[in-house]
Structures are given as C-alpha cells and as structure tokens.
Amino acid sequence: MIRNQVGFSAEQKSESIVFDVGGTRFETYSGTLKKLPNTKLFNLNRDSPNYRPKTNDYFFDRDPSIFRGVLDYYRNGTLHFPNDICATVVRRELDYWGIDEKHVAPCCWEFFKLYSERRATAELLSKAMGFDRGTVGKGKTRRQSLFEKSRRPYYSYWICFALLLSVFTTIATESDAMRVPAAIPRLRFNDTNNPKMVRFETTDPHPVIVAVDVLLAAFFLWEFITRAVICPQKWIFFTRSINIVELLAVFPQAIAINLRYMVPDMANYPKLYFAYWILLMFDIFRVIRLLKFGKYYVGLRILIVTLRASATEMFFLVYLMVVGAVVFGVAFYYCEVWTAATVIDMPTTIYWAFITMTTVGYGDVVPQTIQGKVIAVLCALAGALFTGLAVPVIADNFDRYYRQASVILLRHRLGLPIMTMLPGATKTRDQAWQW
C-alpha cells in the first residue's frame with residue numbers, strides 16, 4: 001500500500017484511529033487529524049514508534065485530560081482545557097503536541113494567561129531577591145566573591161542599627177532639648193524674626209549627639225569605601241540608586257563635619273558659610289538611606305517590586321489627578337472670581353483641587369459661593385473615584401507578589417531549589433546572607 005504525503009493512503013483517510021494516552025483510550029477519524037498541519041498528529045502513521053501492532057493503536061505516555069482538549073481542537077477548531085491543571089503543565093503538553101498557545105479559546109485564556117503572569121512575577125522576584133545570582137548554569141553554583149562573603153547576616157543587623165541611629169541623630173540635632181549655647185555664635189543672617197535661624201546660629205548640638213554623629217559618619221564612610229573597593233563590578237555599584245543615595249549622604253556629611261571643627265569662625269567667610277549650609281541640606285539623603293532596609297526586609301523589597309510593576313497604573317492615577325485638578329481648579333476659579341471674600345488666583349485654585357481630590361483638605365482655601373461649593377463636592381467625589389480605580393490594582397499586585405515570595409522563601413528555608421522558571425535559578429541554604 002502506497003502512502004501519500006500526509007502519512008495515510010486515500011483509503012485510510014476515513015478510517016478510525018485509536019489512541020491510548022496515559023491509560024485512557026480515545027478514538028477519532030484519520031481525516032480529523034488532517035485539519036491542523038504542522039502538528040504532531042498530522043503526520044501520524046503506522047511507522048511511528050508510538051504505534052502498537054498487537055492492539056492496533058497509538059500509545060502516548062502523556063496527560064489524558066489535556067489530550068482530550070487537544071483532540072477536541074482537531075475536531076471543532078477550539079482549544080479548551082481544564083482549569084484545575086497547572087498552566088505550566090498545559091503549556092508543556094501543548095508544546096509536545098505542536099500546538100501554539102495563541103489558539104487557546106477566549107474563555108480559557110484568562111486562566112492560561114496566569115502562566116505568563118506567574119513567570120513574569122517569578123523573574124521580578126528572583127532579580128529583586130538576588131536568586132538569579134549565585135549560579136552560572138544548571139546545577140553549578142558560582143563561587144562567592146570577597147564582596148559577597150563580607151555581607152553576612154550579623155553584619156546586616158549592625159547596618160540596620162546604625163541607619164536608625166543616624167536618623168535619630170539627624171532629628172535630634174534640630175530639637176531644642178538636644179542643643180546647647182554655641183561657643184562662638186554665628187549670627188550671620190541676623191534674621192531675628194525667624195526662630196529657626198536664631199536657634200541654629202546661637203546654639204550647637206549637644207556634644208554627645210555630635211560625638212555619635214561623628215562616629216556614624218566615620219563608620220558609613222569606611223563602609224562605603226570598603227564596598228566600593230572590593231566590589232567586583234564597579235560600574236554597576238556606582239550606578240545603583242541606593243548607592244548613589246549613600247554617596248550623597250556620606251561625603252557631604254563628612255565634609256560638613258570637617259568644616260564645622262576646622263573653621264570655627266566660618267561665619268566670617270560668607271561663601272564658605274553658604275557652602276556649609278548647602279552641605280547640611282544633604283541630610284535629607286541620610287533619611288532616604290533607610291531604603292537600605294530593603295536589602296534585609298522581605299516586605300519592603302516586594303513593595304518596591306510591586307511599585308515598579310504597577311508603573312502603568314500609577315501613571316494612569318497621576319494622569320487622572322492632574323487632569324482633574326486642572327479642570328476643577330479652573331472651574332473653581334471662575335465660580336469664585338465674582339466674590340471678594342475669596343481672594344485667589346488660578347494656580348492657587350489648582351493647588352486647592354489637588355488637596356481636595358487627595359482628601360487632605362487643609363481648609364486654607366474654601367468656597368464661598370453656591371456654585372463653588374458644588375464644584376468642591378464634585379472635585380472630592382472625582383478624587384475618591386480616581387483613587388479607587390488604581391489602588392486596588394496595586395494592592396492586588398502586592399498580594400500576588402507577596403504570596404509567591406512566601407512560597408520561594410519557604411522552599412529556601414527547607415533547603416529546596418528555588419523553582420522560578422529561570423535557567424539555573426537555584427539557591428542553597430548557605431547563601432541566605434544574600435537576603
């Protein structure tokens with residue numbers, strides 16, 4: 001019998017074919033299999049290694065529940081599958097049968113789409129948690145560098161304590177209870193109407209606070225320089241945002257401390273005194289440096305990943321807020337322009353709209369007319385509506401990431417490989433310090 005190109009003779013096109021898939025028997029016509037070219041069953045014939053002459057059927061050691069959907073796809077042209085099976089298994093089976101996932105029916109696509117979302121989530125979490133580092137290939141663990149070996153768990157506790165103490169000293173230096181009369185009053189600005197400037201120019205921080213601040217500055221300076229020296233990838237080190245913040249927090253503080261004690265009569269040098277003030281303003285980065293807790297706290301890392309993944313939703317929220325504030329601000333201005341009780345300009349009304357839409361409501365600008373009050377009510381309702389559209393999406397992303405991160409951490413604590421669908425993405429128990 002001479003076979004044609006599709007694997008069956010003309011006489012066999014309508015004969016029935018029996019499949020034994022994982023112990024479950026299926027039967028269909030040979031012509032049904034010819035509807036989908038470039039698939040595994042399209043070129044099926046009795047020369048196939050899956051054919052069993054004794055039982056006159058084809059045996060495949062695959063999942064029968066998914067094959068039922070595959071066979072139905074040959075019959076009706078629609079691809080469905082059970083929702084109680086992991087999408088990863090479904091995708092693997094579709095690859096085996098040579099069927100593209102884009103043919104999944106719309107009713108099943110939402111569930112099947114979870115596979116892509118979980119994969120993307122796993123990649124983000126693996127990168128943020130450091131699980132994509134430390135391996136060079138499947139089953140091969142990369143040797144730790146000196147930079148990595150220096151970051152042990154006990155060291156992270158000292159870093160966290162020093163960060164909290166640094167923030168405390170930053171706040172304490174501006175408290176009246178933590179300042180003493182200055183040995184050399186500066187009085188450079190002579191602004192007696194500003195009590196904050198008078199306090200700064202006539203008092204100094206308590207010597208204990210100063211001593212702690214100097215020790216912390218020396219510690220963070222040493223820690224930053226040490227990490228920079230032993231880091232194997234200098235460019236990546238200096239371009240990371242947290243290290244840029246660290247740089248802006250450490251070096252201006254060290255320079256300001258040196259100026260304070262090396263030039264006690266600094267007020268006599270206006271330009272130097274002004275530069276000293278600019279350096280003091282960099283103290284804001286000492287507070288922002290608290291983001292380093294993200295290296296050691298799981299929840300904060302997941303929150304950062306969530307915010308990055310929710311950038312589209314956040315941009316949409318900001319866009320709605322900006323448009324709403326401009327529209328309601330302009331409308332409020334023209335509603336209140338006829339009354340002298342509210343002396344405002346248009347930038348002020350736009351500011352008022354932002355404050356109202358975010359439900360803050362300082363009360364520094366209030367409507368006086370009926371039409372202005374109507375605009376204020378609509379502005380408040382729009383702000384609640386706009387916020388309600390984006391916040392649940394961000395919260396859902398955080399919940400999804402946190403649940404998957406919990407599974408990854410549990411497998412790590414049990415000493416199991418971290419299965420994140422990434423090549424070679426495994427992590428052993430003795431690499432816990434990277435967290």
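Visitor: What makes Arg62 count as lying over the face of Tyr96?

Guide: In this predicted model, Arg62 is placed over the face of Tyr96 at 4.0 Å from the ring centre, and because the cut-off for a charge over a ring is 6 Å from the ring centre, together with a limit of 35 degrees from the ring normal, the distance falls within what is asked. The charged end of Arg289 is likewise 4.0 Å from the centre of the ring of Phe220, over which it sits.

Visitor: Why is the aromatic pair of Phe67 and Trp97 called tilted?

Guide: The structure holds 18 aromatic pairs, and in the one formed by Phe67 and Trp97 the centres are 4.9 Å apart with 50° between the planes. Centres within 6.5 Å make a pair, while planes under 30 degrees apart would be stacked and planes over 60 edge-to-face, so an angle of 50° leaves the name tilted.

Visitor: What does this pair tie together?

Guide: Phe67 belongs to helix H1 (residues 64-76) and Trp97 to helix H2 (residues 87-97), so the pair ties together parts that are 30 residues apart in sequence. Phe67 and Trp97 are also among the residues that ring pairs link into a cluster, which includes Phe19, Tyr58, Phe60 and Tyr96.

Visitor: How do you know whether Phe67 and Trp97 are buried or exposed?

Guide: Buried means under 20% relative accessible area; Phe67 has 0% relative accessibility and therefore counts as buried, and Trp97, with 0%, counts as buried as well.

Visitor: What makes the pair of Phe219 and Phe220 edge-to-face?

Guide: The planes of Phe219 and Phe220 stand at 65° with the centres 5.4 Å apart, and because over 60 degrees is the mark for edge-to-face, the pair takes that name. As for accessibility, Phe220 at 1% counts as buried, whereas Phe219 at 25% counts as partly exposed.

Visitor: Which residues have the most contacts inside the largest nonpolar core, and which elements contribute to that core?

Guide: The largest nonpolar core has 26 residues, and those with the most contacts inside it are Phe19, Leu41, Phe60, Phe67 and Val70. Strand E1 (16-21), strand E4 (57-60), H1 and H2 each give two or more residues to this core, and H1 gives the most, with six. Leaving aside neighbours within four places in sequence, Phe60 is in contact with Phe19, Leu41, Leu44, Tyr96 and Trp97, among others.

Visitor: How do you know that Leu279 is buried, and what does this residue touch?

Guide: Leu279, which lies in helix H10, has a relative accessible area of 16%, and because the cut-off for buried is under 20%, Leu279 is buried. Not counting residues up to four places away in sequence, Leu279 touches Pro252, Ile255, Ala256 and Leu259. Leu279 and Ala256 are 23 residues apart in sequence, yet their C-alpha atoms are 6.1 Å apart in space.

Visitor: Which residues are closest to the centre of the second largest pocket, and which elements line that pocket?

Guide: The second largest pocket has a volume of about 810 Å³, and of the 35 residues that line it, the closest to its centre are Phe200, Pro205, Arg260, Tyr276 and Leu280. Among the elements that give two or more residues to the lining are helix H6 (195-202), helix H7 (207-230), helix H9 (241-262) and helix H10 (270-281).

Notes: Residues numbered from 1 in each chain as written. Predicted model: local features only at pLDDT ≥ 70, side-chain atom pairs only at ≥ 80, totals over all residues. Heavy atoms only, no water. Phe/Tyr/Trp six-rings, centres within 6.5 Å; stacked < 30°, edge-to-face > 60°. Helix = DSSP H or I, 4+ residues; strand = E, 2+ residues; numbered from the N terminus. Buried < 20%, exposed > 50% of the residue type's maximum accessible area, 1.4 Å probe, protein only. Core = buried A, V, L, I, M, F, W, Y, C linked by side-chain atoms within 4.5 Å. Contact = heavy atoms within 4.5 Å. 1 Å grid on protein atoms, 1.4 Å probe; cavity = no way out; pocket = protein on both sides within 12 Å on 5 of 7 lines; lining within 4 Å. Points joined across faces, edges and corners; volume = space filled by probe spheres on them.
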